[in-house]
Amino acid sequence: MHIYLLYSLLILLSLVFTGSLFTVHMKKNNVAVFYSPWIGAIYIVNIGLLANFSKIPISKTVFNTPFFNGIAFIIATIFLTAIVSFLQAKNRNFGFRKKDILLYVFYWICIVVFTAVFFNKLGDVSAGKRAGEIKTLSLADEMFVKKHIQNSQWQVGIPVLISVYSDVFKISPFSMSKIIQGIFIVLLAPLVAYLIMKIVKRKKNNTSFFIFLAIFVGLILIFQIRGSTLDSVFITGMILLIANLTLDYSHVLAEEFILAQAFIYLAAINSNVFKLALIVFLLMTVSGFFNRKKHGVLIFIKPIFLMIILNPLLVGFALRF
Amino acid sequence: MLSTLYYLILTFVVIYILGYGVTNIVLPKKLFPYFLWLMPWILIVVLIPSLIILSLLGVPVRISAPILSVILFSLSVYTFYRVKPQLQLTVKDAIIAFVIFMNILFNIIPILRREGILTTISIGNNDVIAYATVADYLVDHSISESFHSRLLLSVDNLLHDGYRWGTPIISSFFLAIFRLSGYQFSYLIQTILFSLTFPLAYVFIRVLYKPTFLGMFLAVIMTAFNANLLYILYNNFFGQVLFWGLQMVLFILFFTYFGSHEEKVSGITLYDYVIALTIATLFFSYHEPAVFMFIPLVLYLLWRFISRTDALSYLKKLAIIGLCSLSISSVSIFNAIIFDFGQTFASKKGQPIGWELFRQKIPYANPFEAMGFYSIHSFEPMPTAIAILLSLAVLVLIAWGIFKARQRPLTVCFTIVFFFFYYWTGVHNNNFYDYNRALTYTLPFFIVLFTIGFFELFKLRYLRIGLITILIGLVMFSSLKLNKKFRTIYVAVDRSFASLHNVPLHSIHEPIYTEAFVDSTIPYWVQNWTGYFIYDNSFIHWPTKFNEAPLLNKVPENSLILSGKYSRWYYPPKRVLKNIVWENEYYRIGRLCSSDACIRSVNADLSKMVIGSSDWENVLLLSGWSMREGDERWSDSLEPSMRLVKKTPATMISIETKALKEPQNMDLFVNDAHIASIQLSTDWKKYTFPITDGHDGVYLIQFKFSKLYRPSDLKTSRDTRTLSAGFRRIILE
């Protein structure tokens, strides 16, 4: 059990590192440390999806080599992104603040508790099963063989994440699904908190924040005990992340990139929610057209273009099926 | 002929009109002096990724081509009126344009002189079927759709194996605009792209050296009429033809960007975007030679670190370009890494890759031959001493060119890597096919360096003119020899194939079996192109039912079958067809009459089969037979079978046969009764055997042999078939 808690810490650190490659470029990144695990997860999954569309399974190596698998491609791409990010970064502020150290510890304890709670539950069986499948057979090969398409085939945003980490730590996808659930349920809380604070336009106040957080975590706990799937956690997370980023939107390339990736990830979880979110986003574009003081039309169109360029195949599937 | 010239000119008009605006916007200012010759390539590197991304999204080219055309045309109109026109034509440009025109005519002579229709030709390679079929497919279907649909094999290969969508989709763009079919445009677009490549050799000379009139002339002619490059074009290796152009664009971009002050500009510049787009186009189209372009850049990075020449700004740019390229074409790049890794290490020594050895003795082109001065395709190797001397002269000129070129370190990095590949493929792996690929990938680069070296070394005006005349004369002589060979042995999608367009497929609601299903010995060119027209990228007429029993014809009785009547490419075998549903002077479609009962009703003498003169060989032969070779036919099985029809009871059977090698025992069965067992000799001999229980009707004749031999093993020829015995005649009396 204790080893799984270590895994959750390592997962969290890797997600924060990957996400920070983007958040370091955000104009307002004082709370970016809470976005970075989500962004890290999005990026890892999107590379994994692209590798899958390139006929590369997550863990099965190609040509009997020890390194040509999806995970190797994910690591290589993150490495290239890290070079670009560090060389281009104008500052080295990752959003970590010494005075928030207690907050970070609090979150870590929450994650530990939640992971422990979920370990005695069944976990997300369907996500775990699908994660096991895409470890050895890529999405593209599966489509080429079956010659037909179902939403469940390509909506593998969560299974890819489970698959990657279950292979890295060599544990079953079902166990990993519980760890992931534990991590991301807790990570929902800051997204909600910051969103509400932005909406009510209050400056950050730790006391009120902690109170809110406690209530929120309690609600989630109840919610989870009644049994929710990983889908609902990630869909909520993506919508909250997109909403947060949009409210602070300063149209630097990194933010546009994150938004585009978040939409792709949403498409890889649920195409209906993706379409809905896209409509809302496009409505904001239209409103931006009438409200020229703040946003022009192109500002919101750019992430959509980026989304299409980054993974046209998946976006196409999500729009058509 | 007129249609070919019409579409040739129209394609140029479309390329230049659509390319004008986007080139004005995308091309870095530094490269504006080369606007005219970079314009087509900027259009291509914008069009290919755009079309592919839209196709991956699910938008077929039929829809995306008009939309993109309108956008690009609007850009051209906008920039034409808002921006000062960038086109400045000079005499040199006019000469290059003339060479382009002549080069295209040179390469499409067989179409103009003999075919008379807009079509595809090849010196022998069959790859073009894939480019034509996929181009047609992508007009009406998307790449996204292909991921979850059943595809014909010719489409599956390009779309699913290599993810090389760029070459067919650029054809699809023009097919959608011109409303043509893939077979009509696939060769023409290659000749056009090839002709647009060699002006870039001149641009590259200007980047590396200085503008010279004679230099332009020498480099352009050496590239346009290089026999080694023309051979690739004549084989329809579309990917490689496109690669040459993209390669030259990348060279021009790399050599004007890296090490310049633009490299130090922070953020993403126009240069970064254009390089990333070109790299994305390369990976989308033909990724095999990508390593030739990128390993030298890594080597150059190392050099910049060692020499402390602002390596960090170069590294920044490399990383940005890499990430941008990856963002645009990640699926193709990931797939390319796996695909090329597999191809590199899985290929067997000496494995052919689409062409035969050009000559048995020293097939490897030496530097003198590589430059196109002496054709490896037409002549036997030169005497060794002369070859060494001339090769050394070429190498000295190239080395001198490197020494005198601008951006020497980067030039050296490319040279080192290219020479490493020559060593690895030619000396280390001893694989001619890989060596020739590596050589033809890199030739334009060395032609440019050779030209620079030549102009630096020979400064005396008359000597220079004299030598250039000799060199151009040698290049033209070699290319003319190859072109003559091309005109003699080429294959074409001629009028007979094109006539299949008139088959009323919409009114035929059942499978149609092409001859390939009945006889696998029919040339691939015929198999491919009859299938192209009859199946037309759908499975509506694709056969699915076949006979299982070994003695029966694979195609079920009474099935609709396409049968040739006349062809330039093979002798169409005679078949008995009933109820003809369509026919013209070349082909007919009717119901197959192949059963014993059916052939008995044929009003012809089917009691004897004299190879080469019997009309009905293919009706009478059942299984285990190889193709006809003049007046003989060999069995490639241990148990071949056939049948003859006798209107009166047969009393004798006579056979003229021989073995490939002794010992060879032959058992003869007629209607399942054992007639004889004999040892065959390697000389032609006639054998006659009595038949005791003769009757009128069909006689099933079966042979059983003891051995199979391979002529190549016996050193009698290079034939690798396994054969049992040869036959000249089998007659029932």
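In this predicted model, 39 residues of chain A are in contact with 32 residues of chain B. Put together, the two chains bury about 3,200 Å², and 76% of that sits on carbon and sulfur atoms. As for polar links, six residue pairs turn up in polar contact across the interface of chain A and chain B, both partners at pLDDT 80 or more, while the count of salt bridges between the chains is zero.

H3(A) hands over the largest share, eight residues. By type, the chain A residues that touch chain B split into 29 nonpolar, seven polar and three charged.

Turning to the packing, the largest nonpolar core runs to 347 residues, and A:Phe184, B:Phe254 and B:Trp529 are the ones touching the most other members. Setting aside neighbours within four places in sequence, B:Phe254 is in contact with B:Ile275, B:Met293, B:Phe294, B:Leu297, B:Gln407, B:Leu410 and B:Phe414. Another core, of 38 residues, lies apart from the largest one; B:Met642, B:Val645, B:Met666 and B:Phe703 are among its members.

Then there is B:Pro556, found in the loop between helix H24 (524–535) and strand E4 (560–564) of chain B. Its relative accessibility is 17%, so B:Pro556 counts as buried, the cut-off being under 20%. Beyond four places in sequence, B:Pro556 is in contact with B:Tyr513, B:Lys545, B:Phe546, B:Asn547 and B:Leu592. B:Leu592 is 36 residues away along the chain, yet the C-alpha atoms of B:Pro556 and B:Leu592 are separated by 7.8 Å.

Technical notes: Residues are numbered from 1 along each chain as its sequence is written. Chains are lettered from A and ligands numbered from 1 in the order in which they are written. This is a predicted model: local features need pLDDT of at least 70, side-chain atom pairs count only at pLDDT 80 or more; totals for chains, interfaces and linings use all residues. Side-chain values use heavy atoms; hydrogens and water are left out. Helices (H or I, at least four residues) and strands (E, at least two) are DSSP runs, numbered from the N terminus. Buried means under 20% relative accessible area, exposed over 50%, partly exposed in between (1.4 Å probe, protein chains only). Contact means heavy atoms within 4.5 Å. A nonpolar core is a set of buried Ala, Val, Leu, Ile, Met, Phe, Trp, Tyr and Cys residues joined through side-chain atoms within 4.5 Å. Buried area is the accessible area (1.4 Å probe) that two parts lose on being put together, summed over both. A salt bridge is a side-chain nitrogen of Lys or Arg within 4 Å of a carboxyl oxygen of Asp or Glu. A polar contact is a pair of N or O atoms within 3.5 Å; within protein, one must be able to donate a hydrogen and the other to accept it, and residues adjacent in sequence count only if both atoms are side-chain atoms. Ala, Val, Leu, Ile, Met, Phe, Trp, Tyr, Cys and Pro count as nonpolar, Asp, Glu, Lys and Arg as charged, and the others, Gly among them, as polar.
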